[in-house]
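Colleague: I am new to this structure. Please put it on the screen, and I will ask about its parts in turn.

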Amino acid sequence: MNIRQIETFLVLADCLSVTETAETLHCTQPAVSARIRGLEEALDVVLFDRINKRMHLTAAGLVFVDYARKMVGVLEAAGEHLRQMDDPLSGTVSFGASNFIGIYLIPAFLGDYARGAPKVEFELDISPSTQLLGKLEANKLEFLILSDHIALDEARYRFRHLCSDEMVLIAAPDHRLARAGRCSIADLAREIFLIKAAPSATRTFLLDRIAAQGGSLGREMHISSIEAIKQSVMHGLGISILSRFTVTHELDLGLLREIPIRGNFDRGIRVVHRRDKLLSPAAARFLDRLGEEWTDRP
């Protein structure tokens with residue numbers, strides 16, 4: 001078994017066409033067939049079936065896909081790590097972040113960091129946390145930046161606290177709660193509440209915190225975008241609770257009004273990476289500087 005066989009397997013597993021695989025890898029169709037046959041012999045399993053002239057992954061092939069991706073990912077990470085040893089200010093930092101973190105929290109820091117390390121390339125994946133964790137497991141990402149209310153196995157992952165995230169209740173300036181200048185947990189059930197639909201880690205966090213104080217939501221309006229939630233609140237469609245990072249600009253301009261509410265809606269932001277993965281020099285330096293940036297903030 002060798003890396004060329006594994007890479008060929010992954011391409012074929014994706015397109016299920018020997019012809020397309022050969023074109024993608026710039027080799028002949030017999031070469032593709034020989035690599036797959038050699039891999040199957042090494043593993044002593046059948047990875048593909050041909051049914052009605054179409055290729056399909058066998059049960060063993062479906063299982064091997066995840067292992068193959070991890071093996072290729074580990075080799076790519078090792079090569080990147082070795083290339084960076086002589087110059088940690090070069091290379092690629094590949095990481096993932098949940099929606100509000102990737103859009104509102106990280107870009108300003110990335111801009112500052114890139115100016116001081118122009119040879120470093122960044123690959124930022126903004127996706128739901130469940131998808132990001134799958135990519136972390138497959139070695140497609142070196143680390144993640146997520147909210148700390150997402151339950152993770154401490155035996156499998158290392159965590160580094162980055163900063164606190166204050167969640168604030170917002171409404172349009174002319175909303176009755178904004179005019180009153182206060183809101184109780186009970187008031188939430190009397191208003192249209194703008195929130196993401198399930199599954200959503202932020203939704204789960206908010207509902208848990210509201211329920212812990214004996215409250216509940218009444219009528220919900222499900223909106224999948226933070227920007228759309230903000231615009232909808234500004235136009236009087238309802239109220240919402242969002243990260244202060246996402247609404248600072250609108251609060252400063254008076255487009256939204258923050259309404260005090262009892263209870264703790266704060267959550268932490270942390271860096272997550274696998275315990276069994278050695279971070280590349282470029283990634284380690286980036287995270288050290290990121291930690292210093294937030295430690296220095298008031």
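Colleague: How many charged residues does the lining of the second largest pocket have?

Modeller: This is a predicted model, in which local features need pLDDT of at least 70, side-chain atom pairs count only at pLDDT 80 or more, and totals for chains, interfaces and linings use all residues. Residues are numbered from 1 along each chain as its sequence is written, and side-chain values use heavy atoms, without hydrogens and water. A pocket is an open set of points, on a 1 Å grid over the protein atoms alone, where a 1.4 Å probe fits and protein lies on both sides within 12 Å along at least five of seven lines; lining residues have an atom within 4 Å of a point. Ala, Val, Leu, Ile, Met, Phe, Trp, Tyr, Cys and Pro count as nonpolar, Asp, Glu, Lys and Arg as charged, and the others, Gly among them, as polar, and by class this lining has five nonpolar residues, six polar ones and, as charged residues, nine.

Colleague: Which element gives the largest share of the lining of the second largest pocket?

Modeller: This pocket is lined by 20 residues, with Gly73, Glu76, Ala77, Glu142 and Lys277 nearest its centre. Elements are DSSP runs numbered from the N terminus: helices (H or I, at least four residues) and strands (E, at least two). Two or more lining residues come from each of β3 (90-97) and α4 (59-84). The largest share, eight residues, belongs to α4.

Colleague: Is Asn139 buried or exposed?

Modeller: Asn139 sits in the loop between α7 and β5, where it is in contact (heavy atoms within 4.5 Å) with Lys70, Gly73, Val74, Arg274 and Lys277, leaving aside neighbours within four places in sequence. Buried means under 20% relative accessible area, exposed over 50%, and partly exposed in between (1.4 Å probe, protein chains only). The relative accessible area of Asn139 is 11%, so this residue is buried.

Colleague: What volume does the largest pocket have?

Modeller: Of its 31 lining residues, Lys196, Pro199, Ser200, Ala201 and Thr202 are the closest to the centre. The lining includes 15 nonpolar residues, 13 polar ones and three charged ones. Volume here is the space filled by probe spheres set on the grid points, which are joined across faces, edges and corners. For this pocket that comes to about 600 Å³.

Colleague: Which residue does a cis peptide bond join to Ala198?

Modeller: Most peptide bonds are trans. Here omega is about -5°.

Colleague: Where is Asp44, which has a positive phi without being a glycine?

Modeller: Most residues other than glycine have a negative phi. Asp44 has a phi of about 60° and, at 69% relative accessible area, is therefore exposed. Its place is the loop between α3 and β1.

Colleague: Which element has the lowest mean pLDDT?

Modeller: pLDDT is the predictor's confidence in each residue, from 0 to 100. Its mean over the protein is 87, with 95% of residues at 70 or more. Strand β8 has the highest mean among the elements, 95, and the lowest, 80, belongs to helix α13.
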